[in-house]
Amino acid sequence: MSCLVFSLPFKEGDAALGNGGLARLSACQMDSLATLDFPAWGYGLRYQYGLFRQIIVDGFQHEQPDYWLNFGNPWEIERVQVSYAVKFYGTVEEEVSNGSNYKVWIPGETVEAVAYDNPIPGYGTRNAINLRLWAAKPSGQYDLESYNTGDYINAVVNRQKAEIISNVLYPDDRSYQGKELRLKQQYFFVSASIQDIIRRFKDVHDNFDEFTEKIALQINDTHPSLAIIEVMRVLFDEEHLGWDKAWDIVCKIFSFTTHTVQPEGLEKIPVDLMGSLLPRHLQIIYDINYKFMEELKKKFGQDYSRHARMSIVEEGAVKSIRMANLSIVCCHKVNGVSRVHFELLKTRVFKDFYDLWPLKFQYKTNGVTQRRWIVVSNPSLCAVISKWLGTEAWVRNIDLLAGLRDYASDADLQQEWRMVKKINKMRLAEYIETLSGVKVSLDAMFDVQIKRIHEYKRQLLNVLGIIHRYDCIKSMNESDRRKVVPRVCIIGGKAAPGYEIAKKIIKLCHAVAEKVNNDPGVGDLLKLIFIPDYNVSVAELVIPGSDLSQHVSTAGHEASGTGSMKFLMNGCLLLATADGSTVEIIEEIGADNMFLLGARVSEVPALRDQGASVRVPLQFVRVVRMVRDGYFGFKDYFESLCDTVENGKDFYLLGADFASYLEAQAAADLAFVNQEKWTRMSILSTSGSGRFSSDRTIEEYAEQTWGIEPCKCPF
Ligand code: C3B
């Protein structure tokens, strides 16, 4: 049995408190908010166990807990004095105050939320913003009855249970299983954050008149959308502002960004669960929905199927709250994360809502921070860029990168550019050798796909392409082999622990690697490396050392994608489908400077309709057959994986896109042979990456969604 456990050469481990693109995006946005002097705070949960550590045993993924706080976290400041009681369960009762009836929530359980602050300094400014993360602690209130009746042990144990809430991050943020703990986590962090925001406001204001001018709350996906109801509850039940005033405030301060495309990816909370955990919130949601339904009746008459589609409450076997519908109804803006995503929201996912409120819908194409993704992770490239632009100002003003375009064919810049790539490839090759024992050639093209493993992201397409390449090499004569561009194919990513097919894809990577890497007839022409435990630190090492990167999701499935932007900034060429933000990348750098493939968003539905009659190339049939027949071993184990792409079941259209995928790969080979051409394309990629800085995204949010101005630190 082989077992790979290794650690990166970094002193500080990742605080992997998120799952994938969504959380990494927030990290970039926090950097931009600080650097651009915006007065912003981030709120989240201080999980004790972040995303699991992936270890590979005999080619299979195993998950291990990642106790990232083992050696402490020197960057955080524990604020024991900033803590709030968060309530759960219980009942709602009526109370009369000043002649009016009010609802009072009598909780059945109370947990304390303690703040941990993580200052985020801006670059080249004195502004530092705060990321406040909440940890759950037992409440200060004791269960006196248990203590008095002598049930001391149980009383203590029950108190400790509180800490479970912030214990562990759910390692799959896309399948909503209606788990109580997950909802508890969401409300815990939302309640503490809203109490904190209102407390800080009230510290300097006597009433809520200026609340909407001072506060803008951005909901990132639906996970924190209970915040909307919490503000409504506090303003209505506790501050007694009256429904209309409270509702007016809520609608003005909240804006929502959705990060998903698939309707089935939208969060739904079973009504029974909501009613038991948050009884008062459920009542408020029903009240909001009642008023919304009345509005719909006025506008669309008795169009009941439309009402049913748009309702916040979904009827059915399990009656549920649709958190996205709730967010759209209550927020003043609904943003998508790329133009393609916006189009899909308007025409498919939220079409009814778009028809009703077209002006609510906008998009802000995602971006990443050049401070981390060039300056920190690729210091050699950073130095070359600054030298040729004659300034370091691009670190704050990314538009200046466009200046490199003028030198894209300059032989001196090209040579320096290639040298930087070589140094980064050396670093990566050393790392690969340490972790896998495989020596890779620096002359080979480093072809990388690193991201969460998901069927729609199509790592399987990549592996099948590698099998095809292997198969071709095996059948070549000596003179043809001399023409082959050597490749080091690198794949990395975690599969959600319960996602069987994704785990099989990981195993297939290893099974193919085992065969290919040990085939003396192939040698340096092809290597396949699976990098375990892919995380941000790994990305910082891999991205600068890549020549080519793959972003090959089935068109219409990736809301945006941000990994591509990191590769682009590092002068790595993209092999991609016209999905998510790639469509905008094409506009910036030109289709000639990348390798495009696959069906377009508009072509996908027709291909799906064709089912089993869709045209699939023979090469595809052959490589799938090789896997099916056990050429790489584990014949039975891979059967269900093969089933996902054959016999009319190929939902993600791997077969339909395979020919185009191979063509794009062949074009990449051809370009790589011409190093001048390749380097020019690489420089043009970096110089065209300016639009994909999170600085631009944040400026758009500030102006179009939050209505805020930079606020420079006066000292
Ligand atoms: C991701 C999407 O899958 C990406 O396309 C997108 O670039 C990022 O969000 C950021 O917008 N996403 C995710 O990582 N987790 C979710 N639950 C939903 C979206």
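Colleague: Which domains does the shell around the ligand draw at least three residues from?

Modeller: Keep in mind that this is a predicted model. The ligand's shell takes at least three residues from each of domain 1 (3-366 + 700-706) and domain 2 (370-692).

Colleague: How many residues surround the ligand, and which are the closest?

Modeller: There are 18 residues around the ligand, and the closest are Gly 21, Leu 22, His 259, Ala 559 and Ser 560. Sorted by class, the shell has four nonpolar, 10 polar and four charged residues.

Colleague: Let's turn to the domains themselves. How is the protein chain divided?

Modeller: The chain is split into domain 1, covering 3-366 + 700-706, and domain 2, covering 370-692. Between the C-alpha centres of domain 1 and domain 2 there are 35 Å. As for the contact, domain 1 puts in 37 residues and domain 2 puts in 36 residues.

Colleague: Which helices and strands each supply at least two residues of the side of domain 1 that touches domain 2?

Modeller: On that side of domain 1, helix H1 (21-35), strand S3 (53-57), strand S4 (60-64) and helix H12 (339-349) each give at least two residues. H1 has the largest share, with five residues. By class, the side of domain 1 that touches domain 2 comprises 17 nonpolar, 13 polar and seven charged residues.

Colleague: Now helix packing. What describes two packed helices?

Modeller: The general idea is to give the angle between their axes and the distance between the axes. Take H1 again: its axis and that of helix H28 (residues 694-706) come within 9 Å and cross at roughly 70 degrees. An angle from 65 to 115 degrees counts as roughly perpendicular, so H1 and H28 are roughly perpendicular to each other.

Colleague: Which residues of H1 and H28 meet?

Modeller: From H1 you have Cys 28, Gln 29, Asp 31, Ser 32, Leu 33 and Thr 35, and they meet Ser 694, Asp 695, Thr 697 and Ile 698 of H28.

Colleague: How does H19 pack with H25, and at what angle?

Modeller: Helix H19 (residues 500-517) and helix H25 (residues 635-643) pack at about 120 degrees, and their axes are 10 Å apart. That angle makes H19 oblique to H25. H19 crosses H25 in a left-handed way. Here Ile 501, Lys 504, Ile 505, Lys 507 and Leu 508 of H19 meet Tyr 637, Phe 638 and Leu 641 of H25. The class count for H19 with H25 is six nonpolar, no polar and two charged residues.

Note on methods. Residues numbered from 1 in each chain as written. Predicted model: local features only at pLDDT ≥ 70, side-chain atom pairs only at ≥ 80, totals over all residues. Near = placed C-beta within 6 Å. Nonpolar A, V, L, I, M, F, W, Y, C, P; charged D, E, K, R; others polar. Domains from an automatic or database assignment. Axes fitted to C-alpha atoms, helices over the stretch in contact; angles between N-to-C directions. Helix = DSSP H or I, 4+ residues; strand = E, 2+ residues; numbered from the N terminus. Parallel < 35°, antiparallel > 145°, perpendicular 65-115°, else oblique. Left-handed = near helix turned anticlockwise from the far one by under 90°. Contact = placed C-beta atoms within 7 Å.
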